Amino acid sequence: YTLYFYAEFDQPIVNQGFWRGPKKVEGATEIAGDDLAAYVGFGTQVKSVKMRIGLSYVSEANARANLAAEIPDWNLSAVRRRTEKRWNELLGRVELSGPRVQRRTFYTALYHNLLQPSLFDDETGNYIGFDGQVRKLPQGEHQYANYSNWDTYHTTIQLQALLYPEIASDFVNSLMRDAEQGAPRGLPNWGYFNHDAGIMNGYSGIPYVVNAWAFGAQRIDLDKLRRIAVHCADSNYDHGAEYIKYGYVPSLKSPWNFSVSMTL
């Protein structure tokens, strides 16, 4: 994947340059290649510098648009207040009583639980699909990425769907869009950005989306989900053909003998 960024500073830049590996290239404004780093200078009289930055997986222009929409000014206190307000809205869906140390542990864990999947689309509604093309989302929807489904289908998605069904619905719809755009096994098991890393065995994408629906993420097209699930089950990924033939996955050669978990 390619990550684009657009950065602004509240002080004028007086010098700049790059490193390519160990070699310093002073004064350059453009450079390409691998193993690069950039630097900017503001002079010896400047005591402090603020920077704000926008990110996009689509384009530099979209990174600039994201910055304008998300951090429109230099008021750090206002940014902090908006961020705290949003996190309190999410964490406040659970009311907990008890000793302060236990409440701190619980809400810290809930905060960690909400760090992934992560938002992948821009303020414009654009994102990069699994086919490498720039896509446009329907109004009001979001595309998410970075799913370690093999780890999270057991308990994480159930909690997220129970507390945040509107967001968890976007999680499921994102995975289904990935499948429709050419994810190799249908529903990604371990989707990084706009490709499936293929980590771990079995079809963990299916119990992930089914559990999401069962626990409240029901703003999804069940007929479409069924078609995608059947496609996953009928494919030959991870010894699917052997399961279809025998009703189980036979013992495999060491050291990767995951036949029992693949059967499940």
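## A loop residue with positive phi

Phe-193 is found in the loop between strand 10 (191–192) and strand 11 (195–196); helices (H or I, at least four residues) and strands (E, at least two) are DSSP runs, numbered from the N terminus. Phe-193 has a positive phi of about 55° although it is not a glycine. At 15% relative accessibility, Phe-193 counts as buried (buried means under 20% relative accessible area, exposed over 50%, partly exposed in between, with a 1.4 Å probe and protein chains only).

A word on the source: this is a predicted model, where local features need pLDDT of at least 70 and side-chain atom pairs count only at pLDDT 80 or more, while totals for chains, interfaces and linings use all residues. Residues are numbered from 1 along each chain as its sequence is written, and side-chain values use heavy atoms, with hydrogens and water left out.

## Around Asn-146

Phe-193 is one of the residues that Asn-146 touches, and the others are Gln-116, Pro-117, Ser-118, Gly-191 and Tyr-192, not counting residues up to four places away in sequence; contact means heavy atoms within 4.5 Å. Asn-146 sits in the loop between strand 9 (144–145) and helix 4 (149–152), and this residue is buried, with a relative accessible area of 11%.

The side chain of Asn-146 also makes a polar contact with the side chain of Ser-118, at 2.8 Å. A polar contact is a pair of N or O atoms within 3.5 Å; within protein, one must be able to donate a hydrogen and the other to accept it, and residues adjacent in sequence count only if both atoms are side-chain atoms. Have a look at the peptide bond between Gln-116 and Pro-117 too: it is cis, with omega about 0°. Pro-117 belongs to the loop between helix 3 (100–113) and strand 6 (118–119).

## The nonpolar cores

A nonpolar core is a set of buried Ala, Val, Leu, Ile, Met, Phe, Trp, Tyr and Cys residues joined through side-chain atoms within 4.5 Å. The largest one has 27 residues, and those with the most contacts inside it are Tyr-164, Phe-171, Met-176, Leu-187, Tyr-208 and Val-209. Two or more residues each come from helix 2 (76–91), helix 5 (156–163), helix 6 (165–180), helix 7 (205–214) and helix 8 (222–234). Helix 6 gives the largest share, 7 residues. Apart from this core lies another, of 7 residues, among them Val-58, Phe-120, Tyr-127 and Ile-128.

## Helix 6 against helix 7

Helix 6 and helix 7 pack at an angle of about 145°, with their axes 10 Å apart. Axes are lines fitted to C-alpha atoms, for helices over the stretch in contact, and angles run from 0 to 180 degrees between N-to-C directions. Phe-171, Val-172 and Leu-175 in helix 6 meet Tyr-208, Val-209 and Ala-212 in helix 7.

Lys-24 lies in strand 3 (residues 23–26) and is partly exposed, with a relative accessible area of 43%. Leaving aside neighbours within four places in sequence, Lys-24 is in contact with Phe-18, Trp-19 and Tyr-39. From Lys-24 to Ala-37 the separation is 13 residues in sequence and 9.2 Å in space, C-alpha to C-alpha.

Asp-35 lies in the loop between strand 3 and strand 4 (36–41). Its phi is near 55°, a positive value in a residue other than glycine, and Asp-35 is exposed, with a relative accessible area of 62%.
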